[in-house]
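Biologist: Please show me the protein, and let us then discuss its architecture by question and answer.

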Amino acid sequence: MTIARYSLIAAAILAMTACGKQEPAATTEQASAAPAAAVDAAPAGDVIKIGHAAPLTGNIAHLGKDNENGVKMAIDEINEAGGVDIGGKKMKLEMISEDDQADPKTATTVAQRFVDQKVAGVIGHLNSGTTIPASKIYSDAGIAQISPSATAVTYTAQGFKTAFRVMANDAQQGKVLGEYAVKLGAKKVAIIDDRTAYGQGLADEFEKAAKAAGAEVVRREFTTNQETDFNAILTTIKGSKPDLIFYGGMDAQAAPLKKQAKKLGINAKVMGGDGTQTPEFIKLAGSDAEGMISSSPGMPKDKMAGGQAFLDKFKAKFGTEVQLYAPYCYDAVKVMVAAMQKAGSSDPAKYIPELAKTDYQGATGAITFDEKGDIKNGAIALYTVKGGKWETLEVVGGVAPK
C-alpha cells in the first residue's frame, strides 16, 4: 500500500472522529480532583451565586445531603417569593453545591473552585476538618463563609473577618458534656476520639471539663473516622472499669462502638457530641442505641423559635426527616441574604460589615455574632435515646424564643 493511500485513510479516520465529537476520557486523577457540582439552575438574568460544601458521598453523606437540603429550602423560598431585593433590583439566588468528601485536601480544591466561580458567599463546610483549611482561601479572596455545623474553636479563632458560624462551638459543648458526665455520677471516664479536628477538639474540651468537675480520666484512646471495629480499644478500656465512655466523632462510628461495648459486657454509659445525635445513629445501632447520651448545639428542634414549622416544611418538601444541621443551613442562607439586602449589594466587601452586625430571628432562634464571628448565647441541649427515640434531658444556656 502506498504512502499516499495511508495518508488518505488517516485523513478519513480523523474526519470521522471530528464528526463524532469524541472527547478524551478524564484520567482517574482528574476525576477524583474534580467532584461534580450540583447546581440549582436560576432563571435567565441576574443571579447571586451561593456556594454550599459538604460530604455528599461517603459514610456521612446523609448529613451532607441534609445540609444541602437546608440550603436548598431557603434558596427556593426566597426565589419563589420574588428573589432578593438589592437596591431596588430583584435578584435570583443560585446554589452551587460541591462534594468535599469530608476531606481537607478536597475541601481546599472546592474552596478555590468557588472563588473562581465568583460566588457571593459560602454556606459550609460541614466538618471542622474541612471548614478550617477552606476558611483561609475564603479569607484571602474576601468571600463570606457561614458554617452551620463546624464547631471546632480554631475556625473562628483564626481572626478571619469572613468567618461566621450559627451554632455554639466545642468549648461550650465540651464544657457542658464534661460537667454533665460528673453530674451523672461518673467518677472514672474513658475517652476515644477519631483524630479529626472536630472529634479530637471536642474530646479535649470534654476531658478538660470532666477533670475540672472532679472526674478521673482512666484511658485516652484514638481511632480514625473510617474505623468501625472498636473491639481492641474497648477491651483495653474495659479493664480500667470506667463509669462512662466519651466518644468524639460522628454517628457512623459511634453506632458500632455502642453495639460492640454492649456485646463486650461493658456497663459504662456512652456519651457523644452533636455528630452522634442523629436519627441515623439510632438506625445503625438498633436496640443497642438505648441509653446513649449526646449533646447538640442549639435548642431542641421542636422547641426552636420556628422549629416545628421548619420540620413540617422540610418533611413535606424532601419526604424525609431532618438529620441534624439542616435548620442551621437554612438560617445561614437567610442571615447572609439579609446582610446583602441591608448593604444593598451582594459584593462580600460591602455586605460582610452588615453580616457582622446581624440581629436576626431565625428558625433556630436569635442570631447575633461576637467579634470572632461566633454566635452569642449559644444553647447546648442534652439528649438520651429512650424507646428508640431521642428525648431531651436538659438545655444549658441559650435565649428563650421570641
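Biologist: How many helices and strands does the protein have?

Modeller: In this predicted model, the protein has 402 residues, and 51% of them count as buried. Its accessible surface is about 17,400 Å², with 53% of that belonging to carbon and sulfur atoms. The secondary structure comes to 14 helices and 16 strands.

Biologist: Among contacts between residues at least 6 apart in sequence, what percentage join residues at least 24 apart?

Modeller: An example of such a pair in space is isoleucine 86 and serine 346, which are in contact and lie 260 residues apart in sequence. For the protein, the share of these contacts that join residues at least 24 apart is 69%.

Biologist: Which strands are the edge strands of the open sheet of seven strands?

Modeller: The order of the open sheet is E9-E8-E10-E11-E12-E15-E16, and its pairing is mixed. An edge strand pairs on one side only, and this applies to strand E9 (216-222) and strand E16 (389-396). From one strand to the next, the twist averages 25°. The edge strands are therefore E9 and E16.

Biologist: Which residue is the bridge partner of methionine 271 in E12?

Modeller: Strands of a sheet pair through backbone hydrogen bonds, in either a parallel or an antiparallel sense. Strand E11 (residues 269-272) and strand E12 (residues 293-297) run parallel and are joined by two bridges. In E12, the partner of methionine 271 is isoleucine 293.

Biologist: At about what angle does helix H8 run to E8?

Modeller: Helix H8 (residues 197-212) lies across strand E8 (188-193), E9, strand E10 (244-248) and E11. The angle between H8 and E8 is about 165°.

Biologist: On which residue is the kink in H5 centred?

Modeller: Helix H5 (residues 128-141) has 14 residues, and its first and last C-alpha atoms are 20 Å apart, close to the 20 Å expected at 1.5 Å a residue. The buried residues of H5 include Ile132, Ala134 and Ile137, and its buried residues pack against helix H4 (104-116), strand E5 (121-124), strand E6 (144-147), helix H6 (154-157) and H8. Just after H5, glycine 142 has a positive phi of about 75°. The kink within H5 is about 30° and is centred on alanine 134.

Biologist: Which residue in E14 stands opposite glycine 362?

Modeller: Strand E13 (residues 359-362) and strand E14 (residues 365-368) pair in the antiparallel sense over four bridges. They form a hairpin, with two residues between them. Opposite glycine 362 stands glycine 365.

Note on methods. Residues are numbered from 1 along each chain as its sequence is written. This is a predicted model: local features need pLDDT of at least 70, side-chain atom pairs count only at pLDDT 80 or more; totals for chains, interfaces and linings use all residues. Side-chain values use heavy atoms; hydrogens and water are left out. Buried means under 20% relative accessible area, exposed over 50%, partly exposed in between (1.4 Å probe, protein chains only). Contact means heavy atoms within 4.5 Å. Accessible areas come from the Shrake-Rupley method with a 1.4 Å probe; for residues, only the protein chains shown count as cover. Axes are lines fitted to C-alpha atoms, for helices over the stretch in contact, and angles run from 0 to 180 degrees between N-to-C directions. The expected span of a helix is 1.5 Å times one less than its number of residues. The bend at a residue is the angle between axes fitted to the seven residues ending there and the seven starting there. Lists of a residue's contacts leave out its neighbours within four places in sequence.
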